Amino acid sequence: MPDKTRFSSKQRKRRQAVDRTMRGVFLFCGILSALMILLIFYFVGQKGIQVFLPSYGEKRQNLWNFLTGMSWRQDRGVYGVGFIVINTLITSFGAAVISFPLAVLTGLYIVKLAPKRMRVVFTTVIELLAAIPSVVYGVFASGSITGLVNTIAGWFGQITAGGVGSLSVIFLLAIMIFPTICSMSIVSIAAVDRQLELGSLALGATPMQTNMKVVLTAARSGIFAGLILGLGRAFGEATAVTMVAGNAMIGPTINPFDPTRTLTSTMLAGLKETTGLDYDIRFSAGIVLMIIIVGSNLLIHQIRRRIGGVTNE
Amino acid sequence: MNSRRRIYEATTKGMTIGATGIAVAVLLIVLLYVFRQGIGLLSIDLIRGNYWSENINIAFEEPEAKSFEKPADIPADAHFSSKFGFALADRKDPQGADLMTVVYIDPESPLHTAYSTTAGATQGQHVSIHQEASIQRIQYLNTDGDKKTAGPARRMFSKDTIKALDESAESLVLMYYQTEGGGIWGSIIATLILIGVTLVIVLPVGVAAAIYLNEVAGKNRLTAAIRSSIEMLSGVPSIIFGLMGMAMLFPVTQVFGANGPSILLGALTLAVVLLPVVIRQTEEALIVVPQSLRMGSLALGATQTQTIFRVVLPNALPGILTAALLSISRVIGESAALIYTMSTIISDSPSLLQPATSLAVQIWAITSAEQPNFELASAISILILAMVLVLNITVKVISVRLNRRWSA
């Protein structure tokens with residue numbers, strides 16, 4: 001009579017084979033997911049660089065002129081991305097200047113000051129702000145923020161192109177990066193050691209002095225990481241920004257009421273054909289955008305190492 | 001000193017409250033703005049309607065005037081033709097423009113003998129007149145046998161048109177009308193196809209990758225490299241994914257027969273966008289499954305595969321559901337990547353290998369057109385916001401329950 005409590009060697013081998021196969025499948029999916037980032041760099045890079053190579057033919061672009069050019073005119077075939085980079089940096093940092101203090105203070109209020117029951121409500125508000133799709137912010141911005149900017153311009157005696165331009169982009173991005181910075185602030189403020197606070201209070205500091213000087217200082221590493229994440233989002237935000245940027249042809253745009261042109265709005269606006277120089281050059285702008293974002297990501301690590309403070313991991 | 005400290009307390013506290021108040025106000029303003037702009041347009045007609053209007057020419061087999069009784073149950077603002085047995089009324093289309101529609105047709109009316117004269121496959125076929133159609137022109141023969149034209153194309157709306165017909169028309173020659181446009185049904189279907197195909201692709205790959213990272217992988221360099229690559233993927237802006245879709249995934253869809261942007265290409269692209277989301281959510285659910293469950297299963301003689309599929313995954317199911325819901329929410333809201341991969345051509349009958357727009361991309365298409373239609377854009381935004389907010393709140397409820405389950 002066969003022993004039913006044991007597997008035969010044949011069964012055991014089959015069970016091991018199934019395990020091995022499944023492990024292989026899982027490994028394959030893991031590696032496939034990880035490869036995607038490399039494939040993105042490879043394919044976008046290849047298509048973006050080709051316009052500078054001799055093989056592109058007579059419409060070939062000069063890399064130096066592309067990087068330093070101060071005008072982008074499809075009609076004349078002049079493509080310079082220099083002023084666009086400057087505009088992208090101006091609008092993104094402008095948005096961060098408005099959004100960062102508000103986001104940090106909101107994070108502080110939610111974690112340390114808000115009544116316990118309201119805490120859930122406020123975190124939900126932040127999460128919903130993060131969940132609103134870009135295109136909806138775009139509709140909102142082109143309907144209301146442009147009107148606001150137009151009014152502000154009137155106070156200064158300035159004329160706008162229907163409110164679209166730098167300042168509208170800055171206000172829009174300030175709203176859009178707020179939840180990113182705020183949720184990172186919440187996480188890092190909540191991670192601050194209670195002992196630090198108690199020490200500060202015992203030394204005679206008031207609760208708010210403790211919050212502003214001890215808690216925020218201890219949480220600074222996470223807060224700055226949130227700032228960089230927010231900047232990354234501002235650099236890469238496309239749909240909504242394009243709806244209010246106005247796409248200036250020359251620049252850089254210094255006057256906040258003038259139309260501007262960001263890397264993303266350059267890539268998105270007027271997209272019709274899917275062949276030709278005007279299409280391919282958008283990939284080159286994409287490479288520039290990726291370099292800026294990778295650069296800002298490297299900055300996170302640098303800042304974390306330099307500032308130190310409480311680690312949130 | 002004491003009063004200075006009190007002032008410091010009050011001002012700093014006030015600043016934090018003010019900042020939070022601004023955040024709440026911004027959310028409310030955005031929601032209110034979109035709601036106020038769009039709610040007037042939101043209707044079943046808008047949701048079920050086609051975006052493109054169709055132009056239809058019809059003539060009649062029995063065009064002669066008869067005499068009809070005005071029925072009692074036609075709308076108060078309608079005008080009835082006692083010679084031809086139909087009623088017209090003035091209406092507004094979804095964009096708010098004036099139009100004239102047929103609201104009633106008598107069973108004996110010449111309008112029931114209509115056949116199409118529009119060039120194309122349907123020419124000569126019998127047509128039943130769309131009740132919501134916008135009548136542009138009615139041509140008729142008057143008592144002298146001359147051809148005359150009435151209708152909005154001659155700046156005559158329902159009252160004047162009916163008056164002209166009943167006073168002097170002997171028979172109808174032709175009628176030219178447009179079916180109603182400006183609807184979003186095509187984009188809704190395209191969005192649903194997009195969600196379905198994207199989930200079918202991303203869920204198996206993402207869950208398998210999460211299982212690898214959490215159940216199979218050792219703590220070595222390869223695992224760390226995979227993890228940080230996936231982490232980097234989540235920092236890539238969506239427009240770059242759009243470029244990637246055209247450069248890398250387009251050849252894949254060509255194998256299936258696509259020759260340009262298509263829903264399939266959009267779905268493949270979004271699958272890559274969503275990989276980090278699905279992997280992270282699944283992993284979080286796998287981590288909280290107690291180690292003792294795995295040990296117990298293995299000790300009873302189950303293989304690792306059996307343990308994963310029969311013990312670990314069923315317990316992580318709420319997490320995978322969360323991943324799916326978050327993915328749906330992202331797909332509904334995604335625009336930049338899809339503008340590249342699905343095009344901005346609004347389609348009324350979308351299919352997998354043809355260009356189409358999702359709801360979000362339709363907003364982009366109609367606001368970047370030469371005459372932007374912000375009212376329609378806001379109406380679609382209300383739908384998108386409602387879906388996205390409901391999905392996100394559901395996710396929140398599920399994750400709260402999930403945490404409670406194992407901590408109890």
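Modeller: Here is a walk through the contact between the chains, then strands, helices and a few single residues.

Modeller: This is a predicted model, where local features need pLDDT of at least 70, side-chain atom pairs count only at pLDDT 80 or more, and totals for chains, interfaces and linings use all residues. Residues are numbered from 1 along each chain as its sequence is written, and chains are lettered from A and ligands numbered from 1 in the order in which they are written.

Biologist: How many residues does the contact take from chain A and from chain B?

Modeller: Chain A puts in 68 residues and chain B puts in 69 residues. Two residues are in contact if their C-beta atoms, placed from the backbone, lie within 7 Å.

Biologist: Which helix gives the most on the side of chain A?

Modeller: Helix 1 (residues 9-49) of chain A, with 21 residues. Helices (H or I, at least four residues) and strands (E, at least two) are DSSP runs, numbered from the N terminus.

Biologist: How do the residues on that side of chain A divide?

Modeller: Into 46 nonpolar, 17 polar and five charged. Ala, Val, Leu, Ile, Met, Phe, Trp, Tyr, Cys and Pro count as nonpolar, Asp, Glu, Lys and Arg as charged, and the others, Gly among them, as polar.

Biologist: Now strands. In what sense do strand 1 and strand 8 of chain B pair?

Modeller: Strand 1 (residues 55-60) and strand 8 (residues 169-178) of chain B pair in the antiparallel sense, over five bridges. Two strands pair if DSSP finds at least two bridges between them. Opposite B:Ala59 you find B:Leu174 in strand 8 of chain B. Opposite B:Ile56 you find B:Tyr177 in strand 8 of chain B.

Biologist: And how many bridges are there between strand 1 and strand 5 of chain B?

Modeller: Three, and strand 1 pairs with strand 5 (residues 114-116) of chain B in the antiparallel sense. B:Phe60 has B:Ala114 in strand 5 of chain B as its bridge partner.

Biologist: What about strand 6 and strand 8 of chain B, how many bridges join them?

Modeller: Eight, and the two strands run antiparallel. B:Tyr140 stands opposite B:Leu172 in strand 8 of chain B. B:Tyr140 also has a bridge partner in strand 7 of chain B, B:Lys148.

Biologist: What do strand 6 and strand 7 of chain B form?

Modeller: A hairpin, with four residues between the strands. B:Gly145 in the turn has a positive phi of about 85°. Strand 6 (residues 134-142) and strand 7 (residues 147-150) of chain B pair in the antiparallel sense over four bridges.

Biologist: Switching to helices. At what angle do helix 8 and helix 9 of chain B cross?

Modeller: At roughly 155°, and the axes of helix 8 (residues 291-299) and helix 9 (residues 304-333) of chain B come within 10 Å. Axes are lines fitted to C-alpha atoms, for helices over the stretch in contact, and angles run from 0 to 180 degrees between N-to-C directions. Helix 8 and helix 9 of chain B are therefore roughly antiparallel to each other. Angles under 35 degrees count as roughly parallel, over 145 as roughly antiparallel, 65 to 115 as roughly perpendicular and the rest as oblique.

Biologist: Which residues meet there?

Modeller: B:Leu293, B:Arg294, B:Ser297 and B:Leu298 in helix 8 of chain B meet B:Thr307, B:Val311, B:Val312 and B:Asn315 in helix 9 of chain B. By class, this contact of helix 8 with helix 9 of chain B has four nonpolar, three polar and one charged residues.

Biologist: And in chain A, how do helix 5 and helix 6 cross?

Modeller: At roughly 130°, with the axes of helix 5 (residues 134-155) and helix 6 (residues 166-190) of chain A coming within 9 Å. That makes helix 5 of chain A oblique to helix 6 of chain A. The residues of their contact divide into nine nonpolar, two polar and no charged.

Biologist: Last topic. Is B:Gly183 buried or exposed?

Modeller: B:Gly183 is buried, because 23 other C-beta atoms lie within 10 Å. A residue is buried if 20 or more other C-beta atoms lie within 10 Å of its own, exposed if 12 or fewer, and partly exposed in between; C-beta atoms are placed from the backbone. B:Gly183 sits in the loop between strand 8 and helix 4 (185-216) of chain B. Not counting residues up to four places away in sequence, B:Gly183 touches B:Asp45, B:Leu46, B:Arg48, B:Gly49, B:Asn50 and B:Tyr51.

Biologist: What is phi for B:Ser343?

Modeller: About 75°, a positive value although B:Ser343 is not a glycine. B:Ser343 counts as buried, with 24 C-beta neighbours inside 10 Å.
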